[in-house]
Amino acid sequence: MTAPVLYGLCGAALVGIGLYGLVAGADLLRRILGFNVVGSGVFLYFGSLAARHPTLAVDPVPQAMIITGIVVALAGTALAVAIAIRLHDETATTRPPGNAENRDARDLR
Amino acid sequence: MPAIFADLVAPAVPWAAISVVLPLAAALIAALLGRHAHRLAIPTALAGLAVAALATTQVARHGVIEIAVGGWKPPLGIALRLDGLGCAFLLVIALVSAGVMLFARAGFGAAPDGSETRRGYVFWPLLFCTIGGLAAIAVSGDLFNLYVGLELLTVTAVALVGLDGKPAALAAAIRYLLFALLGSLLYLLGTAILYLVHGTLDIRLLAGAASTDGATLTAVALMTAGLMAKAALFPLHGWLPPAHASAPAPASALLSALVVKGPFIIMLRLWFEIAPAIATPFVAQGLGALGAAGILIGSLLALRQHRLKLVIAYSTVAQLGYLLLVFPLAGGSGEQQPWTAGAWTGIIFHAMSHALAKSAMFLAAGAMVEAIGDDQIERLDGIGQHLPIATFAFGLAAVSLMGLPPSGGFTGKYLLLSAAFASGQWWWAVVMIGGGLLAAGYLFRPLSHLLAERHQPGDLVVVARSRQTIALGLAALSILLGLLSLGPYQLLQIGRPGAAAEGLS
């Protein structure tokens with residue numbers, strides 16, 4: 001197994017883990033972190049694509065895209081956290097609407 | 001033709017690029033102007049209309065316009081490309097955003113008593129950025145550039161949803177953001193896979209290379225799922241009604257009319273220009289079935305709402321369902337008479353007229369909410385006498401949404417219906433007619449209250465007639481789109497992908 005393949009598989013695993021957190025996470029902050037884990041996985045996978053050919057130089061295009069993607073993910077995360085803080089200030093909850101009541105009942109005890 | 005005008009529409013002037021730069025520059029200036037930002041509304045609206053008109057004239061005279069940004073040609077550089085579809089989208093963006101800007105001047109400018117709110121400071125930069133993101137989607141010829149446009153759209157649209165700062169609005173905003181961020185990651189993953197397989201992200205270069213291998217299939221599936229989440233297509237529509245209903249009225253108009261259409265434009269480019277070969281009959285019928293379910297469930301939910309803005313928002317879910325019918329129905333030669341133009345053209349007519357009608361309806365609803373203080377349908381009795389122009393605008397927009405002639409909505413549905421019968425897929429026609437009847441049902445209910453006599457106590461706030469007229473103008477444009485459909489029809493044929501004529505499956 002070559003290094004790029006290993007990186008690619010790690011990226012795929014991160015996407016899976018993060019996706020679970022993003023979809024199934026009960027806590028808003030956990031979902032936002034899940035989004036960041038998915039993002040990291042996609043970027044790692046994208047980076048492994050840069051080594052397209054074992055003997056040629058590294059392809060710079062995916063690297064340029066990763067940097068753009070990181071900026072976008074940063075902006076999205078900042079906005080999400082800002083809204084989550086405002087929502088917490090207003091309602092003292094960090095749960096997304098709709099599925100808040102039933103899950104994680106142990107927190108209420 | 002005067003020489004100056006000929007120079008203006010020569011391909012040398014990059015109107016496609018200017019259409020993106022103009023709103024972004026306006027956003028920067030608005031952020032600097034602070035409390036005076038509302039003064040930018042009229043100049044930006046006029047300049048946006050002029051640039052869209054010049055770009056469209058350029059495309060009409062010279063065919064598809066291509067700009068290599070910075071002189072770097074694809075595959076290394078990123079091309080901007082403007083075809084008939086992009087032009088149609090640019091024109092609708094310019095018209096709707098002009099209406100939204102003019103309408104918002106009163107609500108987000110300085111109040112008559114000189115007091116000011118934080119809302120005015122952030123609204124204008126966000127609005128201009130949203131328009132910039134939409135324009136970027138209209139002119140991008142590169143999948144990654146489209147991703148950046150999508151993200152700009154997402155971040156600013158979410159902020160517009162949460163602008164009121166009430167808990168319900170914030171909850172709707174974060175729900176929208178989570179859906180949209182998941183969608184953008186899926187899209188980005190698909191983009192990465194396409195780059196791995198084909199070594200380019202330029203749409204035209206991909207069109208020659210895309211085949212039916214497993215990697216391309218996976219990529220298109222991931223990107224479609226992501227775009228459906230962003231476009232609120234059934235079954236990923238859950239975030240839309242609370243988000244669009246809790247945003248301020250001008251923002252709702254922009255969100256419902258245009259922001260959900262951006263991802264759909266990318267879907268059209270993905271399926272019809274990049275990878276038409278992978279759409280098997282099974283896939284096309286499946287996407288169509290999702291659209292049909294969206295039409296029926298969105299309409300039924302709209303029937304059950306008690307708040308005016310929620311009815312309009314669920315109506316958007318239903319109307320977006322029609323968009324997915326393009327996949328099973330596409331086909332039909334554009335070379336023949338317009339009535340055999342096929343579903344691809346029909347769906348864009350539908351999207352354009354929905355954008356104009358839905359923005360008119362949200363602005364009219366905004367005027368009604370201002371008048372009575374909330375948007376309970378039961379409390380709307382007699383508003384028709386108080387706000388005759390807004391009520392008329394609501395009615396005209398309803399005509400277009402129901403698909404009654406001579407509106408643009410009728411032209412779009414007619415093209416879709418004839419494509420359904422011509423290709424022997426009568427079951428889609430049944431769904432469309434049922435959707436039209438349901439639309440009549442959920443729109444007549446608020447209309448009957450609007451036209452009833454007023455028995456309820458309480459004073460009504462006066463809404464300036466000039467602002468109601470903006471809603472009427474947009475509604476009239478959605479009717480005019482049907483009356484003058486030949487011009488837009490010919491525009492859409494410029495750069496029309498081959499798969500639009502041959503059908504996907």
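**Exercise 1. A charged pair in chain B**

Are Lys230(B) and Glu151(B) buried or exposed?

Solution. This is a predicted model, in which local features need pLDDT of at least 70 and side-chain atom pairs count only at pLDDT 80 or more, while totals for chains, interfaces and linings use all residues. Residues are numbered from 1 along each chain as its sequence is written, chains are lettered from A and ligands numbered from 1 in the order in which they are written, and side-chain values use heavy atoms, with hydrogens and water left out.

Step 1: Lys230(B) and Glu151(B) are both buried, where buried means under 20% relative accessible area, exposed means over 50%, and partly exposed lies in between (1.4 Å probe, protein chains only).

Step 2: the two residues form a salt bridge whose closest N and O atoms are 3.3 Å apart; the term requires a side-chain nitrogen of Lys or Arg within 4 Å of a carboxyl oxygen of Asp or Glu.

Step 3: Lys230(B) belongs to helix H9 of chain B and Glu151(B) to helix H6 of chain B, so the pair ties together parts that are 79 residues apart in sequence. Helices (H or I, at least four residues) and strands (E, at least two) are DSSP runs, numbered from the N terminus.

**Exercise 2. Other salt bridges**

Step 1: Arg379(B) and Asp374(B) form another, with their closest N and O atoms 2.8 Å apart; Arg379(B) is partly exposed at 28% relative accessibility, and Asp374(B) is partly exposed at 27%.

Step 2: Glu66(B), Arg81(B), Asp202(B) and Arg204(B) are linked in a network of salt bridges.

**Exercise 3. Where the chains meet**

Which helix of chain B gives the most to the side that touches chain A?

Solution. Step 1: 27 residues of chain B are in contact (heavy atoms within 4.5 Å) with 32 residues of chain A.

Step 1: the size of an interface is often given as the accessible area lost when the parts come together. Here the two chains bury about 2,800 Å² between them, 84% of it on carbon and sulfur atoms; this buried area is the accessible area (1.4 Å probe) that two parts lose on being put together, summed over both.

Step 2: helix H6 (143-161) and helix H7 (167-198) of chain B each supply at least two residues of the side of chain B that touches chain A, and H7(B) gives the most, with 17 residues.

**Exercise 4. Backbone geometry in chain B**

Which residue is joined to Pro235(B) by a cis peptide bond?

Solution. Step 1: most residues other than glycine have a negative phi, and most peptide bonds are trans.

Step 1: the cis bond to Pro235(B) comes from Phe234(B), with omega about 5°, and Pro235(B) sits in the loop between helix H9 (214-231) and helix H10 (240-246) of chain B.

Step 2: Ala232(B), also found in the loop between H9 and H10 of chain B, has a positive phi near 60° although it is not glycine. Ala232(B) is buried, with a relative accessible area of 1%.

Step 3: the peptide bond from Pro405(B) to Pro406(B) is likewise cis, with omega near 5°, and Pro406(B) lies in the loop between helix H18 (388-402) and helix H19 (408-422) of chain B.

**Exercise 5. A histidine in helix H16**

With which residues is His354(B) in contact, leaving aside its neighbours within four places in sequence?

Solution. Step 1: His354(B) is placed in helix H16 (residues 343-372) of chain B.

Step 1: His354(B) is buried because its relative accessible area is 2%.

Step 2: the residues in contact with His354(B), leaving aside those neighbours, are Ser256(B), Lys261(B), Thr316(B), Gln319(B), Ser359(B) and Leu401(B).
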